[in-house]
Amino acid sequence: LRAAPEGAAAAQRGMAARRDYSDDLPKIKVPALVIVGREDPIRPVADAEFMHRALSGSALVIIEDAAHMTNMEQPEVFNQALQEFLRSFH
């Protein structure tokens, strides 16, 4: 709400103009963690589930009571998910 309307509009135009990278997801061959807030209106759970299915061997975490800024809205839950993901490599 504090963003300048011109800046917010420019950011939205930029997102609308960029190409769709969905077809590139299966080409990613490194571990990936997909985190989404249950209430995210920008990138809903369905989008995260799509990415999770396309990324071979990825992990998906859905954070309750969070929207788009999961790391700020539920920092403890976000950090725990990230730590568990990183620990899985040791």
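**Putting values against cut-offs**

Mentor: Start with aspartate 24, which counts as partly exposed at 23% relative accessibility. A word on the source: this is a predicted model, where local features need pLDDT of at least 70, side-chain atom pairs count only at pLDDT 80 or more, and totals for chains, interfaces and linings use all residues. Residues are numbered from 1 along each chain as its sequence is written, and side-chain values use heavy atoms, with hydrogens and water left out.

Trainee: Why is aspartate 24 called partly exposed?
Mentor: Buried means under 20% relative accessible area, exposed means over 50%, and partly exposed is in between (1.4 Å probe, protein chains only). Aspartate 24 has 23%, so it is partly exposed.

Trainee: What makes aspartate 24 and arginine 19 a salt bridge?
Mentor: A salt bridge needs a side-chain nitrogen of Lys or Arg within 4 Å of a carboxyl oxygen of Asp or Glu. Here N to O is 2.6 Å. Arginine 19 is partly exposed, at 49%.

Trainee: Which salt bridge do lysine 27 and aspartate 24 make, by distance?
Mentor: Their side chains meet at 3.3 Å, N to O. Lysine 27 is exposed, because its relative accessible area of 61% is over 50%.

Trainee: How do you know that arginine 43 and aspartate 47 form a salt bridge?
Mentor: Their closest N and O atoms are 3.3 Å apart, and the limit is 4 Å. Arginine 43 is partly exposed at 45%, and aspartate 47 is partly exposed at 27%. Shared partners join Arg19, Asp24 and Lys27 into one network. The structure holds four salt bridges.

Trainee: What makes the pair of phenylalanine 85 and phenylalanine 89 edge-to-face?
Mentor: The structure holds one aromatic pair. The ring centres of phenylalanine 85 and phenylalanine 89 are 5.1 Å apart and the planes stand at 85 degrees, so the pair is edge-to-face. The rule: rings of Phe, Tyr and Trp (its six-membered ring) pair if their centres lie within 6.5 Å; planes under 30 degrees apart are stacked, over 60 edge-to-face, the rest tilted.

Trainee: Is phenylalanine 85 buried or exposed?
Mentor: Phenylalanine 85 is buried, because its 16% is under 20%. Phenylalanine 89 has 42%, so it is partly exposed.

Trainee: Why is threonine 70 called buried?
Mentor: Its relative accessible area is 7%, and the cut-off is under 20%, so threonine 70 is buried. Threonine 70 lies in helix α3 (residues 70-73). Helices (H or I, at least four residues) and strands (E, at least two) are DSSP runs, numbered from the N terminus. Not counting residues up to four places away in sequence, threonine 70 touches Ile35, Val36, Gly37, Ile63, Pro75 and Phe78. Contact means heavy atoms within 4.5 Å.

Trainee: Which residues make up the largest nonpolar core?
Mentor: Eight residues: Leu25, Ala32, Val34, Val36, Val45, Ala48, Ala54 and Leu55. A nonpolar core is a set of buried Ala, Val, Leu, Ile, Met, Phe, Trp, Tyr and Cys residues joined through side-chain atoms within 4.5 Å. β1 (33-37) and α2 (45-54) each supply at least two residues of this core. α2 gives the most, with three. In soluble globular proteins, nonpolar side chains tend to be buried together.
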